[in-house]
Amino acid sequence: MSEQANNTATGTYTLGADIGESVLVSRHLNVCYRDRTKIFGQKSTMKQVLHDVSFEIGQGEIMGLCGESGCGKTTLSKAICGIIRDFSGELLLRYDRPQMVFQDPFSSLNPSKTIGWLLEEPLRVDAQRTWSSDERKARIAEVIEQVEISQQLLERYPHELSGGQRQRVSIAAALMRHPRFLIADEPVSALDVTIQKQVLELLDSLHKNLGLSILFISHDLRVVYQICDRVMIMKQGRIVEQGDVQSVYRDPQHDYTRTLLTAAGL
Ligand SMILES: Nc1ncnc2c1ncn2[C@@H]1O[C@H](COP(=O)(O)OP(=O)(O)OP(=O)(O)O)[C@@H](O)[C@H]1O
Ligand SMILES: [Mg+2]
């Protein structure tokens with residue numbers, strides 16, 4: 001199928017797709033937003049944000065997505081989560097919708113609830129199965145050990161935690177229901193370098209120990225290098241290059257990739 005800009009939802013979104021060893025296949029994905037800057041009396045126009053985006057993420061793989069602000073990274077993650085319905089192309093997911101980890105845990109953690117309550121919530125609302133109170137407690141104990149946060153933090157509120165601890169809590173919340181695919185959208189951008197390193201090590205160990213597949217979004221090529229197996233470089237809604245991290249960084253094929261690498265001092 002060729003690239004097309006349209007305003008009708010002609011795309012297919014499939015959960016439980018038979019896609020072999022991949023957790024996600026995106027084929028010729030196009031996403032448009034309605035342009036709200038229209039002048040009275042004129043027909044509203046559509047602005048195409050993603051153009052013909054095709055890629056796969058394998059089981060247990062960490063795929064990096066890199067590109068400058070506004071290029072469409074978050075739009076792609078929303079499409080993959082099924083939040084954007086107006087798209088063309090195909091999105092095939094082997095399991096359920098992925099869990100999300102965001103840049104700013106403040107915006108995703110309800111400030112009026114304790115950490116314990118917040119971690120229990122995904123299990124209380126689990127449509128797949130019912131968790132007894134004891135099962136919920138046991139699962140929380142398991143997950144906080146995986147993300148290395150202490151039991152004492154469960155009584156606290158989000159504002160009573162450090163940035164690094166908050167990010168660990170949001171990772172814990174994402175893990176509660178045993179997801180196999182996680183999208184981390186700039187998960188360490190708001191953290192200082194030492195804490196960044198710890199959170200990256202945590203994601204890496206979760207990926208290794210749980211076999212998690214991760215789409216790791218970052219504008220920082222250095223961070224991507226530390227953690228990803230493969231990387232996609234996005235420019236103005238198009239994937240201009242994708243491949244193995246080592247080969248893309250050593251031998252970039254696209255001018256834009258070279259510009260980004262130079263800008264990052266790599
Ligand atoms: N709901 C929306 N309606 C209209 N335009 C939108 C909407 N959301 C995003 N956009 C536009 O789509 C483009 C891509 O935005 P997106 O948030 O996907 O970029 P991004 O790569 O995640 O940027 P950043 O690195 O700053 O997070 C931008 O031009 C943005 O202004
Ligand atoms: Mg974004």
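Modeller: Helices (H or I, at least four residues) and strands (E, at least two) are DSSP runs, numbered from the N terminus. This is a predicted model, in which local features need pLDDT of at least 70 and side-chain atom pairs count only at pLDDT 80 or more, whereas totals for chains, interfaces and linings use all residues. Residues are numbered from 1 along each chain as its sequence is written, chains are lettered from A and ligands numbered from 1 in the order in which they are written, and side-chain values use heavy atoms, with hydrogens and water left out.

Colleague: Which element gives the most to the shell around ligand 1?

Modeller: The residues around the ligand, meaning those with a heavy atom within 4 Å of it, include Tyr33, Lys47, Val49, Glu68 and Lys73. Both β3 (45-58) and α1 (73-80) supply at least two residues of this shell. The greatest contribution is 3 residues, and it comes from α1.

Colleague: How many residues of α1 are buried?

Modeller: A residue is buried under 20% relative accessible area, exposed over 50%, and partly exposed in between (1.4 Å probe, protein chains only). Among the buried residues of α1 are Lys73, Leu76 and Ile80, and glycine 82, which follows this helix, has a positive phi near 80°. The helix is mostly covered, the buried count among its 8 residues being 6.

Colleague: How many residues are in the largest nonpolar core?

Modeller: A nonpolar core is a set of buried Ala, Val, Leu, Ile, Met, Phe, Trp, Tyr and Cys residues joined through side-chain atoms within 4.5 Å. In the largest one, Leu119, Ile171, Ile214, Phe216, Val231 and Tyr249 touch the most other members. A second, separate core of 27 residues includes Ile57 and Leu91, while the residues in the largest core number 48.

Colleague: With which side chain does the side chain of glutamate 120 make a polar contact?

Modeller: Glutamate 120 is found in helix α3 (residues 115-124), and it counts as buried because its relative accessible area is 10%. Leaving out residues up to four places away in sequence, glutamate 120 touches (heavy atoms within 4.5 Å) Arg136, Lys137 and Ile140. At 3.4 Å, the partner in the polar contact is lysine 137.

Colleague: Is proline 252 buried or exposed?

Modeller: Proline 252 lies in the loop between α8 (245-250) and α9 (255-263). Beyond its neighbours within four places in sequence, proline 252 is in contact with Glu241, Ser247, Thr257, Arg258 and Leu261. Its relative accessibility is 14%, and therefore proline 252 counts as buried.

Colleague: What is the relative accessibility of glutamine 236?

Modeller: Most residues other than glycine have a negative phi. Histidine 178 is partly exposed, with a relative accessible area of 48%. Glutamine 236 counts as exposed because its relative accessibility is 57%.

Methods
A polar contact is a pair of N or O atoms within 3.5 Å; within protein, one must be able to donate a hydrogen and the other to accept it, and residues adjacent in sequence count only if both atoms are side-chain atoms.
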